[in-house]
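This report examines selected side-chain pairings in one protein chain. The sequence and the structure are shown first.

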Amino acid sequence: MTMLQFSEIGHAYNKKISVRDISFNVDPGEVVSLLGPSGCGKTTLLRLAAGLEKPISGKIFLNNRLTSNSNNITPPENRGVGYMFQDYALFPHLTVLQNVIFGLSVDKEMALRRAVQVLEELSIDSFKDMYPHELSGGQQQRVALARALAPKPSVILLDEPYAGLDSRLRERIRDQMLHVLKASEAAALMVTHDAEEAMFMSDRIVVLSEGNIVQIGRPVNLYSQPTSAFVAEFFGEVNKVDGVVSERKVLTPIGVFSAPSSFPNGEKVSVIIRHEALIIDPGKRGVPAEVMESRLLGRTSLIHLSVKKGPKELHLHARIPGLNSIEPGSSVRIRVDPAQTFVFKA
């Protein structure tokens, strides 16, 4: 059963198109992320789902009920949707408990019971008598989520929920949030511009560019089977090597790569190689390269490489696990993992 459905949705701000012909759905218990650069239409789609914007074309269904089209729109308060704003939008004059109770339209005793229950689920019940300004960013974020979840909505919308948190806190909080969202069995639609965050949180990801859907799929499919250079680059840093197709092959200074059968001879292409696809071989296999720089980044090290082929010099980056002892100026050999290499039209 589909809980939230976009069907050929279009929208414009002052006659300037913001999204066009958008169709996808979110099922109960599923987390779907909208991923893309700033201005691609992510937040617009979230606002359309909430009833804060009106489409110029297409339809939006909530629980198989038509809630938005170009002629009519169901008000936000009648949609049964939870919305977690990017800035959390907590009421500063209300305590944590009062903030969570605010959106509940049941009697006082039931509202109190439900508010305490959801605060306990998010491990913040000990803060219930405190005010928002007395809480850390991570605590405020969980209060905002508690308020959105308290009415037991069938759909919850999250607008960059981790944007205000530092990287270490973000990792801890999003794990807890994912468990809470899954336990709620609500259909969750989340906006993010962080590919790693989208991969961690999502069952499926909708990649957007300039108001259009570029690709939809499971995180593993988008990472390992991107349909464009845009998608490939969004899911990690890459090296780009130019080449020309000859007999379904692309010859480059670092190897020969297979080209799609649809590419004719002479087609100019870009070979997209993920940083982690470059393998520094301790043996004698591979293409000779010189190490220009080596930088430890914590869990990985980034190696800057130079490959010389005649008068030309190719600069590449390789990401390898953990600490390394490769000194700048060292001569090494490199190979390429074909599973993390993609060929697209230039």
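## Charges over rings

In this predicted model, the charged end of R174 sits over the ring of F200, at 4.8 Å from the ring centre.

E196, by contrast, has a relative accessible area of 48% and is partly exposed.

## Further salt bridges

Side chains of opposite charge can pair when their charged atoms come close. In this model the count comes to 9 salt bridges. One of them joins E53 and R47, with a distance of 3.1 Å from N to O. E53 is buried, at 16% relative accessibility, whereas R47 is partly exposed, with a relative accessible area of 27%.

Another salt bridge connects K240 with E233, where the closest N and O atoms are 3.3 Å apart. Here K240 is partly exposed, with a relative accessible area of 48%, and E233 is partly exposed as well, with a value of 35%. Elsewhere, salt bridges that share partners join D281, R285 and R335 into one network.

## Aromatic pairs

How many aromatic pairs does a search of the whole structure find? The search finds 4 such pairs. Among them is the pair of F6 and F24, which is stacked, with 4.7 Å from centre to centre and 25 degrees between the planes. This pair links distant parts of the chain, since F6 lies in strand 1 and F24 in strand 2 (residues 16–26), 18 residues apart. F6 is buried, at 1% relative accessibility, and F24 is buried too, with a relative accessible area of 5%.

A further pair is formed by F91 and F102; this one is tilted, with 4.6 Å from centre to centre and 55 degrees between the planes. The pair again links distant parts of the chain, 11 residues apart: F91 is in the loop between strand 6 (81–84) and helix 2 (96–101), and F102 is in the loop between helix 2 and helix 3 (108–121). F91 is partly exposed, at 27% relative accessibility. F102 counts as exposed, because its relative accessible area is 54% and the limit for an exposed residue is over 50%.

S7 is partly exposed, at 24% relative accessibility.

Which residues is S7 in contact with, leaving aside its neighbours within four places in sequence? These contacts are I22, S23, G58, K59 and F61. For S7 and S224, which are 217 residues apart along the chain, the separation of the C-alpha atoms is 28 Å.

Methods
Residues are numbered from 1 along each chain as its sequence is written. This is a predicted model: local features need pLDDT of at least 70, side-chain atom pairs count only at pLDDT 80 or more; totals for chains, interfaces and linings use all residues. Side-chain values use heavy atoms; hydrogens and water are left out. A salt bridge is a side-chain nitrogen of Lys or Arg within 4 Å of a carboxyl oxygen of Asp or Glu. Buried means under 20% relative accessible area, exposed over 50%, partly exposed in between (1.4 Å probe, protein chains only). Contact means heavy atoms within 4.5 Å. Rings of Phe, Tyr and Trp (its six-membered ring) pair if their centres lie within 6.5 Å; planes under 30 degrees apart count as stacked, over 60 as edge-to-face and the rest as tilted. Helices (H or I, at least four residues) and strands (E, at least two) are DSSP runs, numbered from the N terminus. A charge sits over a ring if NZ of Lys or CZ of Arg is within 6 Å of the ring centre and within 35 degrees of the ring normal.
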